[in-house]
Amino acid sequence: MIHFDQVTVRYEDTAEPVLRDVDLTVEEGELCLVVGHTGVGKSTLLGAVNGLVPHFTGGTLHGRVLVDGRDTAEHPPRELADVVGVVGQDPLDGFVTDTVEEELAYAMEQLAIPPATMRKRVEETLDLLGLADLRHRALYELSGGQQQRVAIGSVLTAHPRILVLDEPTSALDPTAAEEVLAAVTRLVHDLGVTVLLAEHRLERVVQYADRVIHLPGDGRVVCGSPAEIFRTSSIAPPIVELGRAAGWDPLPLSIRDARRAAAPVRARLAGTAPAPVRPVPAAAPAELLKARGVTVTYQGVPAVRAVDLHLRGGEVTALMGRNGSGKSSLLWALQGSGPRKAGTVHIPTAGGGKDADPQKLSAAGARRLVGLVPQTPTDLLYLESVQQELDQADSESDAGTDSPAAREILDRLAPGIDDATHPRDLSEGQKLALVLAIQLSAAPRVLLLDEPTRGLDYRAKAELIRIVDDLAAEGRAVVISTHDVEFVARAADRVVVMAEGDIVADGPTGEIIVASPVFAPQTAKILAPLPYLTVAQVASALPDDETDRAR
Ligand SMILES: Nc1ncnc2c1ncn2[C@@H]1O[C@H](COP(=O)(O)OP(=O)(O)OP(=O)(O)O)[C@@H](O)[C@H]1O
Ligand SMILES: Nc1ncnc2c1ncn2[C@@H]1O[C@H](COP(=O)(O)OP(=O)(O)OP(=O)(O)O)[C@@H](O)[C@H]1O
């Protein structure tokens with residue numbers, strides 16, 4: 001169905017090709033997972049399938065890509081649209097109409113599908129993706145996850161024979177992600193649709209994959225069964241890390257198989273208590289932000305309903321909850337630049353001065369008290385090069401000498417980015433890393449991160465955790481809105497869950513997520529009822545010789 005013959009892709013200004021002499025065949029009805037660290041060329045590989053690379057991205061492609069027998073060199077993307085449906089990483093980028101319903105119909109209109117069929121498929125898709133209530137809504141008003149559902153739906157309605165999905169679940173809550181992947185799997189099994197899917201949150205997708213295409217980072221691709229690839233790959237989901245630590249062979253890739261393999265480990269760990277995931281703070285924490293009765297409405301419809309929230313220094317709080325539950329709206333209201341219909345936000349100023357309300361400060365003043373990394377980080381990038389962005393950030397931050405320069409933070413999050421690169425040409429993960437570096441360099445005492453792990457690989461997430469740990473250790477309060485349960489398990493002390501604009505749960509991470517079938521990380525599911533959350537906790541509780549005996 002998809003055939004790469006000696007494909008080499010090179011972008012201008014880069015010495016090394018992103019893809020080098022790639023030979024690859026994907027059969028009809030296969031679901032292939034494309035994995036690799038940030039910036040190794042996953043999106044490039046996906047883009048080559050419908051000719052976006054190089055027709056739209058620039059650069060050169062040598063060799064031949066055949067899609068359902070058509071050569072992409074001779075057929076630009078619009079001539080492949082009847083065969084290949086593509087969902088890119090940034091849904092807003094791909095939208096061409098204004099409302100949900102129009103967007104779902106658009107691809108079908110281009111293919112001149114009869115109106116009666118269109119109607120039927122739009123209705124099916126609205127149901128499939130839980131969008132029925134939003135059908136008349138403007139796309140720009142939707143929450144991030146709602147937008148991502150529309151982007152996926154707009155491609156599914158055209159019934160393409162090949163689906164190319166670039167991180168399709170990155171903005172979806174865990175339940176929605178499962179539903180979307182189940183729907184895609186059904187297309188593969190029942191209709192023989194061929195799927196190429198790039199994803200960083202492997203824990204969400206590994207059980208669905210027939211085959212894995214691993215990009216190790218030197219331009220090559222390595223293909224194999226999931227079990228073959230994950231035995232040695234440099235990236236792996238927690239279930240595989242746990243299997244490797246416990247020496248399980250064959251490696252289980254589903255929770256069910258892993259629970260069977262884990263019986264000896266559970267027996268060994270019964271009655272033990274896991275080491276704390278995060279260091280326990282030494283000093284009594286200071287209250288750094290006090291919100292009371294915060295209410296946000298859009299055209300009279302409430303998105304946040306009289307929320308009370310206190311943030312303490314040294315504490316890392318995860319803000320979780322379904323798509324559209326009000327997380328982003330709350331963060332923007334706390335930061336001061338978003339709408340706030342009612343309620344108060346107090347930030348005690350250092351040195352015992354009067355409390356500040358960030359809404360009443362200048363934008364720059366508010367940023368120094370409360371930083372916010374938005375869900376679409378590119379909104380904050382507007383200069384010509386990475387270097388200019390970093391210089392600008394350093395010149396604006398007056399955070400004192402103890403805060404690391406933006407470049408230093410960037411190098412920790414995504415090493416190897418060239419100073420001269422235009423921010424537009426960075427991979428999505430690299431863009432996020434750049435925006436994070438810029439915001440973190442201002443070192444505000446309260447830092448709000450909206451979905452910061454979208455597009456980040458495991459290595460970058462581990463770095464982000466270290467950075468967040470450092471910020472907390474310096475006495476700052478960090479709030480992370482996220483759907484990434486594995487990240488929460490490792491990064492957060494406290495979890496606040498929102499539903500329909502209310503806070504419905506608030507407590508220590510272990511208590512909130514272990515008990516939840518939706519939010520439990522893989523380790524917790526495999527070892528339940530034991531209170532272990534992360535692979536590191538298990539590994540440190542199992543001495544090496546015990547690890548062997550647990551086999
Ligand atoms: N249009 C472009 N012009 C120049 N360089 C580009 C362009 N698109 C991508 N690159 C570079 O090519 C490399 C591969 O990018 P690509 O987006 O394919 O990576 P990726 O594996 O999808 O990354 P991520 O996991 O962050 O999405 C990166 O170093 C990126 O900076
Ligand atoms: N500008 C707007 N105009 C109208 N409605 C809006 C606007 N922004 C958000 N909403 C609606 O308010 C609700 C809360 O949105 P919000 O973005 O805060 O949710 P969220 O919890 O961050 O979602 P996600 O997990 O998908 O990012 C959603 O139903 C959304 O559609």
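**Backbone, domains and ligands**

Tutor: Glutamine 299 sits in the loop between β11 (287-298) and β12 (301-312). Helices (H or I, at least four residues) and strands (E, at least two) are DSSP runs, numbered from the N terminus.

Student: Before we go on, what am I looking at, and how is it numbered?

Tutor: This is a predicted model: local features need pLDDT of at least 70, side-chain atom pairs count only at pLDDT 80 or more, and totals for chains, interfaces and linings use all residues. Residues are numbered from 1 along each chain as its sequence is written, while chains are lettered from A and ligands numbered from 1 in the order in which they are written.

Student: OK, what is phi of glutamine 299 near?

Tutor: Phi of glutamine 299 is near 45°, a positive value in a residue other than glycine. Most residues other than glycine have a negative phi, and most peptide bonds are trans.

Student: Which peptide bond at proline 250 is cis, and where is that proline?

Tutor: The bond joining aspartate 249 and proline 250 is cis, with omega about 0°. Proline 250 lies in the loop between α11 (238-246) and α12 (255-261).

Student: And what is omega for the bond from alanine 528 to proline 529?

Tutor: Omega is near 10° there, and the bond from alanine 528 to proline 529 is cis. Proline 529 is in the loop between α22 (522-527) and α23 (535-541).

Student: New topic. What domains does the chain have?

Tutor: The domain assignment gives domain 1 (2-228), domain 2 (237-270 + 511-551) and domain 3 (287-492). Such bounds come from an automatic or database domain assignment.

Student: How far apart are the centres of domain 1 and domain 3?

Tutor: Their C-alpha centres lie 30 Å apart.

Student: How many residues are in contact between those two?

Tutor: 21 residues of domain 1 are in contact with 23 residues of domain 3. Contact means that the C-beta atoms, placed from the backbone, lie within 7 Å.

Student: Which helices supply the domain 1 side?

Tutor: α7 (144-156) and α8 (174-191) each supply at least two residues of the side that touches domain 3. The largest share, three residues, comes from α7. By class, that side of domain 1 has five nonpolar, 11 polar and five charged residues. Ala, Val, Leu, Ile, Met, Phe, Trp, Tyr, Cys and Pro count as nonpolar, Asp, Glu, Lys and Arg as charged, and the others, Gly among them, as polar.

Student: Now ligand 1. Which residues come nearest?

Tutor: Of the 20 residues around ligand 1, Tyr11, Ser43, Thr44, Ser427 and Gly429 come nearest. A residue is near a molecule if its C-beta atom, placed from the backbone, lies within 6 Å of it. α1 (42-49) and α18 (428-441) each supply at least two residues of this shell. The shell has four nonpolar, 13 polar and three charged residues.

Student: Where does ligand 1 lie relative to the domains?

Tutor: Domain 1 and domain 3 both give residues to its shell, so ligand 1 lies between them.

Student: And ligand 2, which residues are closest?

Tutor: 18 residues surround ligand 2, and the closest are Ser143, Gly145, Tyr298, Ser328 and Ser329. α7 and α14 (327-335) each give two or more residues to the shell. By class, the shell around ligand 2 has four nonpolar, 11 polar and three charged residues. Domain 1 and domain 3 both contribute to this shell, so ligand 2 lies between them.

Student: Back to α18. At what angle does α17 cross α18?

Tutor: The axes of α17 (residues 406-413) and α18 cross at roughly 140° and come within 8 Å. That makes α17 oblique to α18. Axes are lines fitted to C-alpha atoms, for helices over the stretch in contact, and angles run from 0 to 180 degrees between N-to-C directions. Angles under 35 degrees count as roughly parallel, over 145 as roughly antiparallel, 65 to 115 as roughly perpendicular and the rest as oblique.

Student: Which residues of α17 meet α18?

Tutor: Ala406, Ile409, Leu410 and Leu413 do, and their partners in α18 include Ala433, Leu434 and Ile438. The residues of this contact of α17 with α18 divide into 10 nonpolar, one polar and no charged.
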